[in-house]
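Thank you for asking for a note on this structure. The points below are meant for someone who is looking at it for the first time.

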2 protein chains.
Amino acid sequence: MKEKIKLFILGSTGSIGTQTLNIVRRNCDKFCVVGLSAGNDYPLLAKQANEFGVNIVGIANQTHKKALQALLPNAKVFCGEEAQTVCADTDANIVVAAVSGIIGIHGVVAALKASKKIALANKEVLVSAGRILMKLAKDNHTEILPIDSEHSAIKECLSGHKFADVKRLILTASGGPFYFLTKEELEKVTPQRAIVHPNWNMGKKISVDSATMFNKGLELIEARWLYDTTNVEYIIHRESVIHSMVEFIDGSIVAQLSSPDMELPIQQSLTTQKLQREGTTNFVDLSPISFYPCQEDKFPAPKLAKQLIMKGDTILPCVYSSANEVAVQHFLNGKIGFCDIYRIVEKTVNQFKDNIKPSIDNVLNVDREIREKLSMES
Amino acid sequence: MKEKIKLFILGSTGSIGTQTLNIVRRNCDKFCVVGLSAGNDYPLLAKQANEFGVNIVGIANQTHKKALQALLPNAKVFCGEEAQTVCADTDANIVVAAVSGIIGIHGVVAALKASKKIALANKEVLVSAGRILMKLAKDNHTEILPIDSEHSAIKECLSGHKFADVKRLILTASGGPFYFLTKEELEKVTPQRAIVHPNWNMGKKISVDSATMFNKGLELIEARWLYDTTNVEYIIHRESVIHSMVEFIDGSIVAQLSSPDMELPIQQSLTTQKLQREGTTNFVDLSPISFYPCQEDKFPAPKLAKQLIMKGDTILPCVYSSANEVAVQHFLNGKIGFCDIYRIVEKTVNQFKDNIKPSIDNVLNVDREIREKLSMES
């Protein structure tokens with residue numbers, strides 16, 4: 001009998017976490033769960049731990065420790081940073097890193113140091129510390145596999161090809177719910193409107209990032225590290241049917257398509273084996289597939305990301321990501337307008353003294369510094 | 001210095017032949033031509049032989065032998081069947097089989113027996129004698145590589161994947177110039193209208209095949225042999241931007257795209273190395289990409305092909321292909337109407353006693369028999 005792949009899920013109560021557990025539920029002959037960790041939602045966490053027979057659980061928010069322990073009397077409960085880093089001390093083969101925000105870096109670093117594979121849903125971590133994490137993975141003979149429809153698609157499109165034959169990677173972008181709004185209309189967008197994405201069911205932070213297109217900016221920087229190339233571009237593709245494309249030097253373009261559904265990229269990050277899914281694609285239903293120009297005057301976030309990519313290995317992507325994280329929170333709290341998100345990020349990036357060497361400590365320090373600065377300003 | 005790949009081009013004066021020579025011209029560091037062969041156009045053949053320094057030439061039509069020899073005093077000139085089979089006696093690495101129609105089988109069989117790779121543009125040959133030719137390739141430790149945007153795309157989409165993971169191959173079909181005509185309007189289509197294809201610049205026979213969708217029927221049967229699967233379908237995709245797709249068991253679909261241009265599949269059949277081409281794809285220009293239903297009531301040729309595929313290894317695909325070849329000729333000569341092409345093929349297939357084992361001789365005999373029968377009837 002083949003041994004099951006053992007998963008530790010960081011962020012198990014979020015959108016990616018629960019979808020990962022759906023896959024485990026459907027493929028319990030292939031996967032098992034050795035650990036679960038969440039931020040606040042301890043009742044759901046306890047329910048998941050019971051269902052999947054998990055005895056190691058983490059809850060970031062210390063105040064829920066007792067309540068969680070009461071629900072799971074036989075489990076070992078970890079809190080704070082340890083709620084993430086405990087994954088390194090288990091026999092997990094893959095750590096699913098689905099904690100949102102830079103705070104997720106602790107679990108990723110600990111897991112890589114313990115030579116565990118990372119299935120990475122957290123964009124901010126790779127954006128802020130790309131080169132360090134890729135090196136950490138290499139030095140520990142393991143790898144970082146993207147849980148992201150775009151990067152997962154790129155991986156599939158590159159399959160069987162030589163990287164030297166690649167002309168460019170082309171990420172597709174839905175353009176978010178406000179692609180057709182005018183600049184004036186964009187200024188008036190409310191949080192309520194911004195957290196509804198037309199094609200994907202996602203968390204709040206990523207929904208706002210999709211609306212501002214910071215999401216694509218972060219993905220461009222991620223792709224830069226995952227595939228070690230600065231030849232990364234994007235195109236607006238409203239229907240989210242083509243998840244990304246690779247253009248080769250001979251003019252051939254390979255694209256990956258599917259119905260919009262995060263379970264495909266999640267399972268592709270968990271195993272190279274293709275897991276059977278029911279149903280057959282109806283292409284007429286997917287038609288037409290359209291491409292639109294990028295409109296960087298209205299949505300400048302990806303353009304700024306590309307500029308940062310061209311600067312090489314600097315701390316600025318961390319600044320970009322952290323400033324955006326704070327600004328999105330301020331927007332969701334009604335403190336700033338929709339277009340202020342970009343303005344704040346751009347200003348923060350431009351004002352930042354770019355002479356700090358990226359390291360895990362520096363990334364965390366810069367992130368803290370930006371949070372403090374922007375909290376005072378708002 | 002790496003040795004050049006030596007080509008023998010059968011059908012060098014046709015559309016695929018001349019485009020192959022364009023590629024050689026642009027990549028003369030990688031390819032050279034050791035032999036050229038044509039049916040009738042001896043002036044162009046002589047010009048090509050002079051340009052590429054070729055001393056072995058074939059002209060199928062014996063009546064042009066003297067004239068050709070006069071133009072190429074130092075060349076060895078071969079005629080009739082030998083104009084094709086001579087390729088086997090050269091040091092060619094790849095034989096480009098771009099003779100139209102079943103008559104092209106002589107060169108393909110001779111080349112395979114001499115362990116030469118076949119870059120195959122001729123659909124009729126593989127359709128009529130698929131299993132025999134695939135076996136011949138295998139037994140002689142060589143391979144048949146398709147010169148066809150659809151099959152070349154399938155090959156690229158399968159790259160790096162396990163065939164066991166394939167759910168189905170999906171060939172795209174432009175639907176030809178008459179997709180939106182009514183049944184009544186189809187009856188009145190003239191040869192002049194049928195030989196103009198909206199997306200591709202092609203020969204007459206293949207243009208008519210595209211209009212009737214026999215082209216797709218032939219390609220479905222080809223795919224069946226090239227990729228050893230009966231899970232082959234097609235979808236109407238008017239813009240010919242997606243050249244074909246592979247759907248995998250996990251719901252992921254890999255597609256190959258490019259501007260409609262035969263040089264990409266030709267060069268992909270000549271070398272696994274990707275040859276640099278200028279320019280970058282403008283996706284907005286390619287948009288929108290649409291899929292339409294198959295309309296098998298108006299264009300029943302692919303449906304009949306799929307039925308023949310399900311019957312296994314019979315002589316009927318040969319009947320299908322040969323009857324179509326003759327019917328297209330009758331249509332081009334003004335003897336029959338556009339919709340009569342399918343009627344004749346269907347009747348010929350249905351009336352045929354399906355108990356002849358496919359072999360090269362039987363394929364040639366059946367082809368001859370059908371030609372005689374249909375010539376008398378018309």
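1. Basis of the note. This is a predicted model, in which local features need pLDDT of at least 70 and side-chain atom pairs count only at pLDDT 80 or more, while totals for chains, interfaces and linings use all residues. Residues are numbered from 1 along each chain as its sequence is written, chains are lettered from A and ligands numbered from 1 in the order in which they are written, and side-chain values use heavy atoms, with hydrogens and water left out.

2. Overall form of chain A. The secondary structure of chain A comes to 18 helices and eleven strands (DSSP runs numbered from the N terminus, helices being H or I of at least four residues and strands E of at least two). Its C-alpha atoms fill a box of roughly 55 × 50 × 40 Å along the principal axes. The radius of gyration of chain A is 20 Å, which agrees with the value near 21 Å that a compact globule of 378 residues would have (taken over C-alpha atoms, with the globule rule being 2.2 Å times the number of residues to the power 0.38).

3. Burial and contacts. Of the 378 residues of chain A, 61% count as buried, that is, under 20% relative accessible area, with exposed over 50% and partly exposed in between, for a 1.4 Å probe and protein chains only. Among the contacts in chain A with a separation of 6 or more, 68% come from residues 24 or more positions apart (contact means heavy atoms within 4.5 Å).

4. The sheet of chain A. Seven strands form an open sheet with parallel pairing, in the order β4-β3-β2-β1-β5-β6-β7 (chain A), where two strands pair if DSSP finds at least two bridges between them. The edge strands, each pairing on one side only, are β4 (76–79) and β7 (144–146) of chain A, and the twist averages 25° from one strand to the next.

5. Inside that sheet. Strand β5 (residues 94–97) of chain A is joined by four bridges to strand β6 (residues 117–120) of chain A, and the two run parallel; in β6(A), Ala119(A) is the bridge partner of Val96(A). Helix α5 (residues 105–113) of chain A packs on the sheet, where it touches β1 (5–10), β5, β6 and β7 of chain A, and its direction makes about 150° with that of β6(A) (axes are lines fitted to C-alpha atoms, for helices over the stretch in contact, and angles run from 0 to 180 degrees between N-to-C directions).

6. Helix α14 of chain B. Which residues of helix α14 (residues 301–310) of chain B are buried? They are Ala301(B), Pro302(B), Leu304(B), Ala305(B), Leu308(B) and Ile309(B). Because they cover an arc of only 155° around the axis, they lie on the same side of α14(B) (the arc is that of the directions from the helix axis to the C-beta atoms). The buried residues of α14(B) pack against α10 (204–212), α11 (214–226), β9 (232–236), α15 (316–332) and α16 (340–351) of chain B. After α14(B) comes Gly312(B), with a positive phi near 85°.

7. The two copies. The same surface serves both copies, since 100% of the contact residues of chain A recur in chain B.
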